[in-house]
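Me: Can you walk me through this one? I have the sequence and the model open.

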Amino acid sequence: MGAQQTFSKFFEKIFGSRNERILKKLARVADAAETHEESTHALSDDALRGKSDELKQRIEEGTELDGILPEAFAVLREASRRARAHRHFHCQLVGGKVLYDGTVAEMKTGEGKTIVCHLAAYMRFLCNQKVHVVTVNDYLVKRDADFAQPVFEMLGATVGFIQSQLDPGGREGIRQHAYACDLTFGTASEFGFD
């Protein structure tokens, strides 16, 4: 083993691998979100809905998005707990930050990829941006939109979906209505075709 490899191994033992350092940094965001859990849990449904307006206002006033992100994740997590009896796990909060940053997250089957996107989508909603959530087939489009709808409605957002056999010519206005929603679920081929 050469001197460079020895130094590299020594450096990695002390500071961790590149991935370990990245995960440690991302875990801080999830930890920060968990500090808001108790106060968010104590809010009434109306007060929880009002948090979206409050966070949007803070963004408009120039508050850094990374400063709002932990609280926003806690708000979305609480809405998910109330609407769907599902509380995002720590690793899902980490995945939400990865997606929000526009990078790719690999998650194993069963780790909750379907709901991790809700965290990043909620942040985009707070920034008054429309969100397209892309999945692989029409069944998952409807399933995921149906799951997300009560969560996001609790926070003042609208959810729609596009399927291949749904208003294929666009004459019924169903697609137009779905695209007008804050979050629109669909497949890559439908979004691409439209």
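This is a predicted model: local features need pLDDT of at least 70, side-chain atom pairs count only at pLDDT 80 or more; totals for chains, interfaces and linings use all residues.

Me: Where is S164 found?

Reply: S164 sits in the loop between β2 and α9 (174–180). Helices (H or I, at least four residues) and strands (E, at least two) are DSSP runs, numbered from the N terminus.

Me: And is S164 exposed or buried, or something in between?

Reply: S164 counts as partly exposed, because its relative accessibility is 26%. The cut-offs are under 20% relative accessible area for buried and over 50% for exposed, with partly exposed in between (1.4 Å probe, protein chains only).

Me: What does S164 touch?

Reply: Leaving out residues up to four places away in sequence, S164 touches D138, R175 and E190. Contact means heavy atoms within 4.5 Å.

Me: What about R175, where does that lie?

Reply: R175 is in helix α9. With 7% relative accessibility, R175 counts as buried. Its side chain makes a polar contact of 2.8 Å with the side chain of E190.

Me: How far apart are the C-alpha atoms of S164 and K51?

Reply: They are separated by 35 Å, and the two residues are 113 apart along the chain.

Me: Switching to the sheet. What order do the strands have?

Reply: It is an open sheet of three strands in the order β1-β3-β2, with parallel pairing. β1 (131–135) and β2 (159–161) are at the edges with a single partner strand each, so one side of each has no neighbour in the sheet. From one strand to the next the twist averages 25 degrees. Two strands pair if DSSP finds at least two bridges between them.

Me: How many bridges are there between β1 and β3?

Reply: Five bridges, in the parallel sense, pair β1 with β3 (residues 183–187). V133 stands opposite F185 in β3. On the other pairing, β2 and β3 run parallel and are joined by three bridges, with G160 opposite T184 in β3.

Me: Why is β3 largely enclosed?

Reply: Five of the five residues of β3 are buried, so the rest of the structure largely encloses the strand. L183, F185 and T187 cover one side and T184 and G186 the other, all of them buried. In a regular strand the side chains alternate between the two faces of the sheet.

Me: Now helix packing. At what angle do α7 and α8 cross?

Reply: The axes of α7 (residues 113–126) and α8 (residues 138–154) cross at roughly 45 degrees and come within 11 Å. Axes are lines fitted to C-alpha atoms, for helices over the stretch in contact, and angles run from 0 to 180 degrees between N-to-C directions. α7 and α8 are therefore oblique to each other. Angles under 35 degrees count as roughly parallel, over 145 as roughly antiparallel, 65 to 115 as roughly perpendicular and the rest as oblique.

Me: Which residues make that contact?

Reply: From α7 they are T114, I115, H118, A121 and Y122, and from α8 they are R143, D144, F147, A148 and F152.

Me: And how do α2 and α6 pack?

Reply: Helix α2 (residues 18–35) and helix α6 (residues 90–100) have axes 8 Å apart at an angle of about 115 degrees. That makes α2 roughly perpendicular to α6. Residues of α2 including L23, L26 and A27 meet H90, L93, V94, K97 and V98 in α6.

Me: What about the chain overall, how many helices and strands?

Reply: The chain has 10 helices and three strands. Of its 194 residues, 40% count as buried. The C-alpha trace spans about 70 × 40 × 30 Å along its principal axes.

Conventions
Residues are numbered from 1 along each chain as its sequence is written. Side-chain values use heavy atoms; hydrogens and water are left out. A polar contact is a pair of N or O atoms within 3.5 Å; within protein, one must be able to donate a hydrogen and the other to accept it, and residues adjacent in sequence count only if both atoms are side-chain atoms.
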